[in-house]
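Subject: Structure handover

Hello,

Please find the structure below, followed by notes on what was found in it.

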Amino acid sequence: MEKMNQALEKMKMLVGMDVEDEEVAPQQESFMDDLNRNCTLSTKQRLYGFAICLTTGIACTLLSMLVFFNPIKFGITFSFGNLLALGSTAFLIGPKRQATMMLDPVRIYATAIYIASIIIALFCALYVRNKVLTLLSIILEFGALIWYSLSYVPFARSMVSKVMMACFDTEF
């Protein structure tokens, strides 16, 4: 029975749930603590939310290819798919841990560029309605998505940087 309890505690930690330990002294609550407390879901609900959000995000991203030649519609569906896919991980690990991981010093710049590129793409698609600017912002968003994703893989960004430097080195 003890092994089952330990396995359950490990599973809870993986999905970002708090493990019931000894009583901790109360501290001043922040907005994120309050949000986490009000967003308590069971493990099954978290997995369903993650699966639905991720599947919908990937579907939006893939369906955006159908309207590729209309950059405004493409920009909206592609950006919406990226936002859903990004938000899906908040179901697994919780919004507070998600924000903490995104604002980690290792990936703060990648996060800022990624979120800014999504905002720029939506701004160009919805308000500017310029196809060229929307397409350029989608290219920026896609590059920022790759760079942001690589920030979660150890040594991936340095490896990609070295490969790119080797490929595009102009010295003969």
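Which residues in α6 meet which residues in α7? On the α6 side they are A110, T111, I113, Y114, S117, I118, I120, A121, C124, A125 and V128. On the α7 side they are L133, T134, S137, I138, L140, E141, A144, L145, W147 and Y148. Contact here means heavy atoms within 4.5 Å. By class, the residues of this contact divide into 16 nonpolar, four polar and one charged. In that division Ala, Val, Leu, Ile, Met, Phe, Trp, Tyr, Cys and Pro count as nonpolar, Asp, Glu, Lys and Arg as charged, and the others, Gly among them, as polar.

Some notes on provenance before the rest. The model is predicted, with local features needing pLDDT of at least 70 and side-chain atom pairs counting only at pLDDT 80 or more, while totals for chains, interfaces and linings use all residues. Residues are numbered from 1 along each chain as its sequence is written, and side-chain values use heavy atoms, with hydrogens and water left out.

Overall composition

The protein chain has eight helices and zero strands, giving the pattern α-α-α-α-α-α-α-α along the sequence. Helices (H or I, at least four residues) and strands (E, at least two) are DSSP runs, numbered from the N terminus. Of the 172 residues in the protein chain, 27% are buried. Buried means under 20% relative accessible area, exposed over 50%, and partly exposed in between (1.4 Å probe, protein chains only). The chain exposes about 12,200 Å², and carbon and sulfur atoms supply 71% of that area. Accessible areas come from the Shrake-Rupley method with a 1.4 Å probe; for residues, only the protein chains shown count as cover. Taking contacts between residues at least 6 apart in sequence, 67% join residues at least 24 apart.

Helix packing

Two packed helices are described by the angle between their axes and the distance between the axes. Axes are lines fitted to C-alpha atoms, for helices over the stretch in contact, and angles run from 0 to 180 degrees between N-to-C directions.

For α6 and α7, the angle is about 160° and the axes are 8 Å apart. That makes α6 roughly antiparallel to α7; the cut-offs are under 35 degrees for roughly parallel, over 145 for roughly antiparallel, 65 to 115 for roughly perpendicular, and oblique for the rest. The crossing of α6 and α7 is left-handed, a term that applies if the near helix is turned anticlockwise from the far one by less than a right angle, with right-handed for clockwise.

Helix α4 (residues 71–93) packs on helix α7 (residues 131–150) at an angle of about 20°, with the axes 9 Å apart. α4 and α7 are therefore roughly parallel to each other, and α4 passes α7 in a left-handed crossing. From α4, the contact draws on P71, I72, F74, G75, F78, S79, N82 and L86. From α7, it draws on K131, T134, L135, I138, E141, F142, L145 and Y148. The contact of α4 with α7 has 10 nonpolar, four polar and two charged residues.

Helix α6 (residues 108–128) also packs against α4: their axes come within 9 Å and cross at roughly 150°. These two are therefore roughly antiparallel to each other, and α4 passes α6 in a left-handed crossing. The residues involved are I72, G75, I76, S79, N82, L83 and L86 of α4 and Y114, I118, A121, L122, A125 and L126 of α6. By class, the contact of α4 with α6 has 10 nonpolar, three polar and no charged residues.

Individual residues

T111 is in helix α6 and counts as buried, at 3% relative accessibility. Not counting residues up to four places away in sequence, T111 touches M102 and Y148. T111 and Y148 are 37 residues apart along the chain, with their C-alpha atoms separated by 6.1 Å.

I139, in helix α7, counts as exposed at 55% relative accessibility. The C-alpha atoms of I139 and A121 are 9.2 Å apart in space, and the two residues are 18 apart in sequence.

Regards
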